[in-house]
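Thanks for coming, everyone. I'd like to talk you through a model I've been looking at, so please have the screen in view.

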Amino acid sequence: MAEVSGPIVQIEEVAHSFGSTVALNGVSFEVEAGEVLGLLGPNGAGKTTMINVLSTLLVPDRGRALVAGHDVVAQASSVRELIALTGQFAALDDVLTGRENLILFGRLRSLSKRHATRRAEELLERFSLVDAADKRVGSYSGGMRRRLDIAASLVVATPVLFLDEPTTGLDPRSRAELWQVVRALRDDGLTIILTTQYLEEADQLSERIVVLNHGRVVAEGSPDELKQLAGGQACVVMPVDLGQLEECASALAPFGTPVVDRDIGSVTVPDAGPGALSSIIAHLEGIDLTDISLRRPTLEEVFLQITDLPDGP
C-alpha cells in the first residue's frame with residue numbers, strides 16, 4: 001500500500017443501535033496516518049461498537065466510515081486487508097507454543113509455511129518473546145499473552161491497528177511493558193486506535209483523544225488541550241495545623257473559590273493561574289505549611305467532568 005498522508009480513518013455521522021439501545025449516535029472524527037488516537041468513554045459509551053464498525057464486524061445503521069479511502073461496508077474485504085485488531089480477550093491456543101501460534105496465524109492468513117515461520121521469528125524477536133517461543137501459551141503470564149496476541153494480529157503487516165482495551169487485567173509492570181510495545185509500533189509508523197479504561201494510559205500513549213459519552217463525541221483534542229477544559233493550574237496548600245484549614249481558605253479566597261479537603265488536610269484553589277504562587281505565599285504569612293504546590297488538572301479530572309452529562313453535547 002502506498003504511503004498515506006492526512007486522515008487514514010474517517011468517521012462521518014456513524015450511528016448504530018442494538019434494538020432500543022443506542023450505542024452510537026452520529027459519531028464523527030478523523031485519525032491521521034501514523035498517529036495514536038485514544039478512544040475513551042465510560043462503560044457503554046460506544047467504544048467497542050465503534051471499533052467493531054471500523055473493523056467490519058458491525059454494519060452501521062447510518063453514516064459512513066472509511067479506512068484509507070475504503071468504505072467499511074461497500075469495500076469490507078479491502079478494509080480487512082488494511083487493518084489488524086486485538087480485542088479484549090486473547091485469541092490464542094493455550095496448547096500450542098508461542099512460535100506455533102504465530103505460524104498458525106500466518107498460515108491462516110495465506111502465508112506459505114516458510115514465510116509464516118520467518119515472520120514468526122521476526123515477531124518473537126520484536127515482541128521480546130524469544131525465550132518463551134517454545135513454551136506452551138497456557139504457561140504465559142498475562143503480559144506475555146497480550147504481547148503475543150498483538151504479534152499474532154500483525155503477522156501480516158497492516159497500516160492500521162485497533163487495540164481494544166489491551167491492558168485490562170494486567171499488573172503495572174506488564175502494562176508498562178505493553179506501553180513500550182505500543183510506542184515502538186507508533187515509531188514504525190502504524191496508525192493505532194486505542195480504547196482503554198486507564199486514563200494514565202491514554203495520557204501516556206495518545207497524541208489525540210476522542211471522548212465518547214452516550215454514543216456521542218463530547219470532547220476531542222490532545223491530552224494537553226483536554227486538560228485545559230478543567231481550568232488552569234491548581235494550587236494545593238497543606239497547613240501543619242489542620243485547625244487552620246478555614247484560615248487558609250479565607251486567605252486564598254481572593255484567588256478563586258477554595259476547596260477544603262479535611263480528609264487529607266488540604267485547601268485547593270482550582271484555577272490559581274501560573275503567576276499566583278508568590279502572591280499566595282504572601283497571603284499565607286503566619287501559617288506554617290507542610291506543602292504548597294501547583295499542579296495541572298489530570299486527564300481523570302477532565303474525564304469525570306465532561307462525561308458527567310446526561311445526553312452528550
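I'll go through the sheets, then a helix and a strand. Keep in mind that this is a predicted model.

Okay, the four-stranded sheet. It's open, its order is E2-E1-E4-E5, and the pairing is antiparallel. At its edges you'll find E2, residues 21-32, and E5, residues 70-71, each pairing on one side only. E5 is joined to E4, residues 62-67, by 2 bridges in the antiparallel sense. If you want one to click on, Leu66 has Asp71 in E5 as its bridge partner. Packed on this sheet is helix H1, residues 47-54, which touches E1, E2 and E4 and makes about 120° with the direction of E1.

Now the other sheet. Here we have 6 strands in an open sheet, ordered E6-E7-E8-E3-E9-E10, and the pairing is mixed. E6 (83-86) and E10 (216-221) are the edges; each has a single partner strand, so one side of each has no neighbour in the sheet. On average, neighbouring strands here are turned by 15° against each other, ignoring direction.

What lies across this sheet? H1 again: it lies across E3, E6, E7, E8 and E9, at about 150° to E8. There's also H11, residues 299-306, lying across E3, E9 and E10 and running at about 35° to E9.

The buried ones are Lys47, Thr49, Met50, Ile51, Val53 and Leu54. After H1 comes Thr56, with a positive phi near 70°.

Last stop, strand E7, residues 160-164. On one side, E7 pairs with E6 in the parallel sense over 4 bridges. Ile83 has Val160 as its bridge partner there, and Thr86 stands opposite Leu163. E7 also runs parallel to E8, with 5 bridges joining them, and Val160 has Thr191 as its bridge partner in E8. To get from E7 to E8 the chain goes through helix H6, residues 172-187, in a right-handed β-α-β crossover.

And is E7 covered or open? Mostly covered, with 5 of its 5 residues buried. In a regular strand, side chains alternate between the two faces of the sheet. For E7, Val160, Phe162 and Asp164 are on one side, Leu161 and Leu163 are on the other, and both faces are covered.

That's my tour, thanks.

Technical notes:
Residues are numbered from 1 along each chain as its sequence is written. This is a predicted model: local features need pLDDT of at least 70, side-chain atom pairs count only at pLDDT 80 or more; totals for chains, interfaces and linings use all residues. Side-chain values use heavy atoms; hydrogens and water are left out. Two strands pair if DSSP finds at least two bridges between them. Contact means heavy atoms within 4.5 Å. Axes are lines fitted to C-alpha atoms, for helices over the stretch in contact, and angles run from 0 to 180 degrees between N-to-C directions. Buried means under 20% relative accessible area, exposed over 50%, partly exposed in between (1.4 Å probe, protein chains only). A crossover is right-handed if, with the strands pointing away from the viewer, the path from the first strand over the helix to the second runs clockwise.
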